[in-house]
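Here are a few notes to go with the model you sent over. Have a look at the fold first, then read on.

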Amino acid sequence: MCATCGCGDDGGAVITLAGEGSHSHDGHTHEHSHDHEHTDHDHDHVHDHSHVHEHSHAHDHTDEHTHDHSHDHATETITLEQKVLAKNDLLAERNRGWFAGRGIVALNMMSSPGAGKTTLLVRTIGDLAATRPIAVVEGDQETMLDAERIEATGASVVQINTGAGCHLDAEMLQNALTALDPPAGALLFVENVGNLVCPALFDLGERSRVVVISVTEGADKPLKYPHMFAAADLVLVNKSDLLPYVDFDLETFEKYARSINPGVEMMTVSATTGAGMDQWYAWVRGQTF
C-alpha cells in the first residue's frame, strides 16, 4: 500500500507495449532487451522494502475490554510518506536527465476521469505528428482501451495498468521508457491516471504539467483540489463546445485557479471541434529543454 495516498500496490504495475505482449514489472523482469546508453541516468532500482512495524499490542482483556495501544501512527505515516516521495524524487531526476540527454520533451497530462485527455491527445497527434516524432505513455488502472485509441493514430504507445494504484510514479515511467524507447527529439505525452489528488504529489521527471478540466465538472475544482492546480504549468479547459449547455463560468474558474496558482497559463479548447487547439499547439512547440 502507498503510504502517501493509501492506494493499493497489488503486485505492481503491468506495462504493455501496444501491439506486443505484456511486460510484467512486479519483479522488474523484461521480456525484451533495449540497449540504452543512459548518461547521468543510472537505472539502479534500490528497493528498501523493510517496513518494520514495532507494534506492541498489549491487550488487557478484562470485562471492560480496554485496549492500551501506544502507537504513534502520525509519526510513522509521515516518515513513510517522506521516504516514498524522496525515493520518487530521486528517480524523477534520473528520468529528467535521461530526457534532457535525448532532447525529449515530456508532458505530464493530468485530469479527473472523463475530462477528455485521450481525445485531446488523439487530435494533437493527428495534427503534430508530421512535424516531430510523438510517443505516449498511457496510465489507467485497467484495460488497454486508451492505448488502442492512441495506437490507431500511428504513434508509439505503452500502457501502464496500475491495478489498485491511483497514480503513476517515476519508477513506473522509467520502466515504461525501457519498453517504449522513444527516439531522440520526441515529444512524449504521459497520460496519468484520472485523479485530481495523488498525481499532483509525484514528480515523473516531466518538462511540464498540464491539467485538463472539462466544462462539465464545475468552476470550483481549483478550490476543491488546490494541490493539483498549484502544481500545474498549464490548465486546459476542454469541451468548450458544451459551454452553451452547462453552468460553467470561465471567469469564475480562472479567478479560482489564479487564487491557487497566480502564474499558471490557461487556455480554453475543444478537442472535439478543434476550437482553441492552435493555441495549445503553439504552447507545446514552445516546450524545450
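**Notes on the model**

1. Of the chain's 289 residues, 45% count as buried, where buried means under 20% relative accessible area, exposed over 50% and partly exposed in between, with a 1.4 Å probe and protein chains only. Keep in mind that this is a predicted model: local features need pLDDT of at least 70, side-chain atom pairs count only at pLDDT 80 or more, and totals for chains, interfaces and linings use all residues. Residues are numbered from 1 along each chain as its sequence is written, and side-chain values use heavy atoms, leaving out hydrogens and water.

2. The chain has eight helices and 11 strands; these are DSSP runs numbered from the N terminus, with helices being H or I of at least four residues and strands E of at least two. Among contacts (heavy atoms within 4.5 Å) with a separation of 6 or more, 73% join residues 24 or more positions apart.

3. Now for α2. Which residues of α2 are buried? They are Lys117, Thr118, Leu120, Leu121, Thr124, Ile125 and Leu128. These residues cover an arc of only 150° around the axis, so they sit on the same side of α2. The arc is taken from the directions from the helix axis to the C-beta atoms.

4. Helix α2 (residues 117-128) also meets helix α8 (residues 277-285): their axes come within 11 Å and cross at roughly 70°. That makes α2 roughly perpendicular to α8, a label for angles of 65 to 115 degrees. On the α2 side the contact uses Leu120, Arg123, Thr124, Asp127 and Leu128, and on the α8 side Met277, Trp280, Tyr281, Val284 and Arg285.

5. Leucine 180 is part of helix α4 (residues 170-180). At 8% relative accessibility, leucine 180 counts as buried. Leaving aside neighbours within four places in sequence, leucine 180 is in contact with Leu17, Ala135, Val136, Val137, Ser156, Val157, Val158 and Leu188. Glutamine 159 is 21 residues from leucine 180 in sequence and 9.5 Å away in space, C-alpha to C-alpha.

6. Buried or exposed: what about serine 240? At 16% relative accessibility, serine 240 counts as buried, although it lies in the loop between β10 (234-238) and α7 (250-260). Not counting residues up to four places away in sequence, serine 240 touches Val215, Thr268, Val269, Ser270 and Ala275.

Conventions
Axes fitted to C-alpha atoms, helices over the stretch in contact; angles between N-to-C directions. Parallel < 35°, antiparallel > 145°, perpendicular 65-115°, else oblique.
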